[in-house]
Amino acid sequence: MPANQDMGMAFVLVQHLDPDHKSILNELIQRYTKMQVFEVEDGMKVQVNCAYIIPPNRDMAFINGVLQLFGPAAPRAQRLPIDFFFRSLAQDQHEKAIVIVLSGTGYDGSLGVRAVKSECGMVMVQKPESTGYDGMPRSAIATGMVDYVLTAAEMPAQLIAYVSSTFGKPLSPMTVDSSVAKTKDELKNIFVLLRNQTGHDFSLYKFNTINRRVGRRMGVNHIESINAYVELLRHNPSEIEALFRDFLIGVTSFFRDPEIFELFQEKIIPQLFDNKLPGGAVRIWVPGCSTGEEAYSIAILLQEAMDTIKVNFKIQIFATDIDKHAVEQARLGTYPAGIAADLSPERLSRFFILDASGNSYRVNKNIRDMLIFSEQDLIKDPPFSKLDLISCRNLLIYFDPELQKKIIPLFHYALNSKGFLFLGPSENVGYFIYLFSTLINEAKIFQKKEEVLSVNPTVSTSFLLQPSEIGLVPQIFGSIMKERVLQVREITEHTLVQLYAPPSILVDWHGNILYIHGRTGHYLEPAPGEAGMNVLKMARDGLRQELTIALRKAVVQKEPVNHHGLEVKTNGDFTTINLTIRPIPISIPAASATHNLPVGSPTISETSTLYLIILEEVVATANMTVSANNEKNDIDTKASADANTNTGTDTDTDIRILALKQELWEQDEYVKTTNEELKNINEDLKSSNEEMQSINEELQSANEELETSKEELQAVNEELSTINAELQSKIIDLSRINNDMNNLLAGTGIGTIFLDNKLSILRFTPTITRLINLIPSDIGRPIGDIVSKLVDYDGLVVDVQTVFDTLIPKEIEVHSKAGECFLLGIRPYRTTENVIEGAIITFIDISQLKRTEEALLASENGSWQLLDALPMLIWRCKSDGLFDYLGKQWIDYTGVAGIEQLGYGWLEQIHPHDQERVSEEWGKLHPVA
């Protein structure tokens with residue numbers, strides 16, 4: 001960094017240091033900078049234009065502008081101090097965090113890079129080609145979240161430029177000379193460019209989140225105005241892709257928020273298996289799954305639960321995200337070895353496999369098979385349906401409230417009855433609390449309510465029915481009631497006794513007749529067309545409209561509805577009746593709710609409501625009719641009251657006006673009811689269409705997963721084919737080498753035995769059978785059990801053991817019973833790794849060599865006899881001048897026996913006058929080195 005310049009930055013160096021030795025890094029750094037350099041002490045406050053060095057054998061965190069030291073929690077070989085510091089820095093400094101990954105081995109820092117990017121920080125990495133060790137830089141680059149890849153020499157200028165453009169002004173680049181409203185308008189151009197290239201709409205994401213991410217990309221590109229950045233996007237599709245990736249960055253890890261996951265495991269996981277038969281399906285959706293850690297965490301909890309109860313279920317976890325790269329990584333199921341910090345050793349060893357390099361873990365196959373990963377846009381694509389659980393943690397916090405209002409009802413629709421919704425710690429169902437009941441508030445776990453009424457004040461009379469209740473038909477309730485006919489009859493008769501038992505009809509909320517009490521022929525008649533048992537269609541004139549209106553009110557308000565003085569046309573005459581409809585809650589056991597129903601029938605909730613229609617005949621009078629109108633109609637309340645108080649003065653005209661108003665009100669109510677029915681039918685069709693879209697989405701996801709699996713299998717097959725070809729080649733080479741070795745050993749004529757460490761025979765050459773009685777079946781037997789053909793030698797086992805103990809080769813001359821002479825050699829068997837794995841015993845035939853030696857000795861004796869016969873003084877000496885042979889003439893001449901002269905020097909035999917001269921001549925012939 002430039003000297004004598006206020007950078008406005010503090011530097012913290014986190015390095016892998018030897019925990020057992022004092023670091024001199026502090027002194028080394030001071031030689032290369034004019035900044036103050038400190039070795040960190042616990043609680044040291046960070047100041048700008050200073051450098052701070054981590055001390056040995058410590059983990060370090062950045063908390064509230066202070067460096068805190070901790071004893072290392074992980075074992076020595078598993079410590080990740082860089083990840084630990086990066087994460088704390090991101091949480092404390094947010095977008096002001098800047099991290100630089102330099103030369104280093106391993107993968108430390110790659111998980112911390114994700115945390116920094118999620119808070120809109122900046123990441124810079126040294127070019128791997130310029131490093132001494134490229135493990136850490138390559139791991140960081142592999143995350144796809146690096147802003148700059150530079151050599152160390154290029155970093156200062158880029159760092160200064162980034163800080164100057166991003167933090168050099170009092171306001172962020174997005175708000176300089178611009179109001180928030182204007183900025184939002186300018187962002188629309190960016191949203192359009194993003195939507196055109198990626199197909200995804202970010203206009204309903206939270207403004208502050210988008211503002212920060214766009215501002216960060218402007219800082220990376222050293223752009224100060226949003227209009228200039230829009231121009232860059234228009235001419236640079238790669239920058240659109242980079243901005244898109246920045247929008248998608250999210251922090252995720254295995255079992256994030258461990259305390260919440262413990263509550264989830266204890267309270268919710270067991271309920272997912274309630275009322276499920278062994279082998280039944282448990283369906284879960286994880287939208288916004290990112291790289292899959294949360295989805296895999298849930299799968300692990302489910303597997304542990306199944307192991308505990310010793311019952312298996314079919315687990316289907318649909319994990320979706322709009323980030324293609326994240327989904328691909330999730331499908332691979334491979335994660336850096338740093339995930340060991342988030343997982344217990346038991347789960348790590350049970351559900352993950354460490355690769356050969358030791359740098360990554362792969363999810364176990366039985367966990368991987370539970371999940372289906374797919375690209376899906378939660379905003380525009382159809383949801384999955386019939387789900388037992390939706391886990392959408394830390395995704396809604398990025399959505400604008402208007403978008404959240406669309407997503408929460410979508411989740412409600414997708415869940416089964418009593419299904420669970422699992423949100424992040426900062427998320428809630430908000431306005432839609434009437435759709436869900438809160439199970440665990442601190443964990444943000446909700447459960448779908450059974451029956452839901454709308455609380456929208458603008459639609460006070462509307463009602464919302466469960467998807468499971470849509471399309472109920474008489475046959476369904478009929479099949480239930482046939483089994484429960486005694487119970488239904490008891491309920492009906494008990495209610496009728498309380499109301500003096502007039503003619504009554506028990507119906508469902510559609511008006512389908514379930515039970516009839518008494519004679520109802522005066523009020524109902526079969527409807528023309530297809531046969532059916534719907535009370536609304538069978539009602540006679542004068543009753544049909546009022547009955548339709550009253551039933552709808554009873555369904556919506558869940559309260560009794562009364563209509564008095566109805567004139568029902570019966571066989572050319574009119575009968576006056578009072579109509580009462582009473583809701584009757586009825587509990588249906590779960591077993592009978594699904595027993596004997598046709599395949600594909602909708603599920604009936606355990607608690608439903610039936611409706612009892614009571615038709616009570618009364619004496620009809622004009623005054624009673626007017627009084628009844630007074631009870632029903634708010635429009636003519638005052639007119640009815642006047643009529644009731646001034647009965648004596650009413651004229652026929654007044655009565656006619658009241659009757660017309662009453663008829664007009666009834667027609668208006670009938671139209672409203674008809675419209676409501678049409679709306680309900682449209683809702684049914686819409687729900688059916690959405691369900692079909694959901695099924696189609698599931699099929700597409702499954703097809704995509706199958707395609708991916710097919711590609712993976714093809715890749716594995718190609719890899720296996722390549723490995724097989726290599727193995728075949730190696731087998732051929734090995735067979736050739738084996739043949740060469742066998743021919744070499746047989747061709748040398750050397751008998752050889754290979755032993756293992758237990759002195760058992762591994763293999764032998766055919767020549768050895770001349771000396772030791774060996775056959776192929778002797779392989780594996782101890783060498784001491786085999787009978788040999790050697791004479792006067794039985795110490796083979798002892799000698800081999802001695803070579804094992806001393807590792808010194810040994811050679812012994814032995815003889816066979818056939819009179820042959822062999823040189824026995826014993827040597828340790830060493831591998832290429834210098835490991836002793838046995839011994840080699842060789843027998844080299846030296847019989848011919850011995851015979852030649854004997855012949856030479858005999859020939860030499862004959863030569864000496866010839867020399868003794870010559871009339872000359874002959875002797876022979878060694879290079880040291882000592883005699884080793886004396887001729888007979890010399891011995892006779894000196895008169896001293898030859899045995900006495902051997903060992904004497906020849907110089908002593910020379911006359912003293914001649915010794916000097918002769919010695920010089922000898923020296924010329926035999927110079928001393």
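Look at helix α15 (residues 401-414): Lys405 and Glu402 both sit in it, three residues apart, which is about one turn of the helix. These two side chains form a salt bridge, with the closest N and O atoms 3.8 Å apart. Keep in mind as you go that this is a predicted model.

Asp845 and Arg770 meet through their side chains in a salt bridge, 3.3 Å from N to O. Asp845 belongs to strand β30 (residues 836-845), while Arg770 lies in the loop between β26 (761-764) and β27 (790-791), so this pair ties together parts that are 75 residues apart in sequence. Asp845 counts as partly exposed, at 35% relative accessibility, and Arg770 is partly exposed at 35% too. Elsewhere, salt bridges with shared partners join Lys117, Asp147, Arg216, Arg217, Glu239 and Asp246 into one network.

Another pair to find is Arg195 and Asp201, whose salt bridge has its closest N and O atoms 3.8 Å apart. Arg195 is partly exposed, with 37% relative accessibility, and Asp201 is partly exposed as well, at 30%. How many salt bridges does the structure hold? There are 29.

Let's head inside. The largest nonpolar core has 49 residues, and those with the most contacts inside it are Phe264, Phe273, Ile284, Leu302, Ile315, Ile317 and Phe352. Helix α11 (residues 293-309) supplies the largest share of this core, with nine residues. There's also a second, separate core of 46 residues, which includes Tyr205, Ile223, Tyr229 and Leu421.

Is Ile315 buried or exposed? Buried means under 20% relative accessible area, and Ile315 has 8%, so it is buried. Leaving out residues up to four places away in sequence, Ile315 touches Phe273, Val282, Leu302, Met306 and Met370.

Next, take the view from Phe273. Apart from its neighbours within four places in sequence, Phe273 is in contact with Val282, Leu302, Ala305, Met306, Ile309, Phe313 and Ile315.

Helix α5 (residues 155-167) lets you check a simple bit of geometry. At 1.5 Å a residue, its 13 residues should span 18 Å, and its end C-alpha atoms are 18 Å apart, so the two agree. Which residues of α5 are buried? They are Met155, Gln158, Leu159, Tyr162, Val163, Ser165 and Thr166. Their cover includes the strands β1 (11-13), β7 (98-101), β8 (122-126) and β9 (148-150), along with helix α7 (207-220).

Finally, come back out to the surface. Here Val716, Leu720, Ile723, Leu727 and Ile731 form a nonpolar patch, with about 440 Å² of accessible area together. One of these residues, Ile723, has its place in helix α23 (residues 652-748). With a relative accessible area of 37%, Ile723 is partly exposed.

Methods. Residues are numbered from 1 along each chain as its sequence is written. This is a predicted model: local features need pLDDT of at least 70, side-chain atom pairs count only at pLDDT 80 or more; totals for chains, interfaces and linings use all residues. Side-chain values use heavy atoms; hydrogens and water are left out. A nonpolar core is a set of buried Ala, Val, Leu, Ile, Met, Phe, Trp, Tyr and Cys residues joined through side-chain atoms within 4.5 Å. Buried means under 20% relative accessible area, exposed over 50%, partly exposed in between (1.4 Å probe, protein chains only). Helices (H or I, at least four residues) and strands (E, at least two) are DSSP runs, numbered from the N terminus. Contact means heavy atoms within 4.5 Å. Patches are made of residues with over 30% relative accessible area and no salt bridge: like charges are joined within 9 Å, nonpolar side chains (Val, Leu, Ile, Met, Phe, Trp, Tyr) within 5 Å. Accessible areas come from the Shrake-Rupley method with a 1.4 Å probe; for residues, only the protein chains shown count as cover. A salt bridge is a side-chain nitrogen of Lys or Arg within 4 Å of a carboxyl oxygen of Asp or Glu. The expected span of a helix is 1.5 Å times one less than its number of residues.
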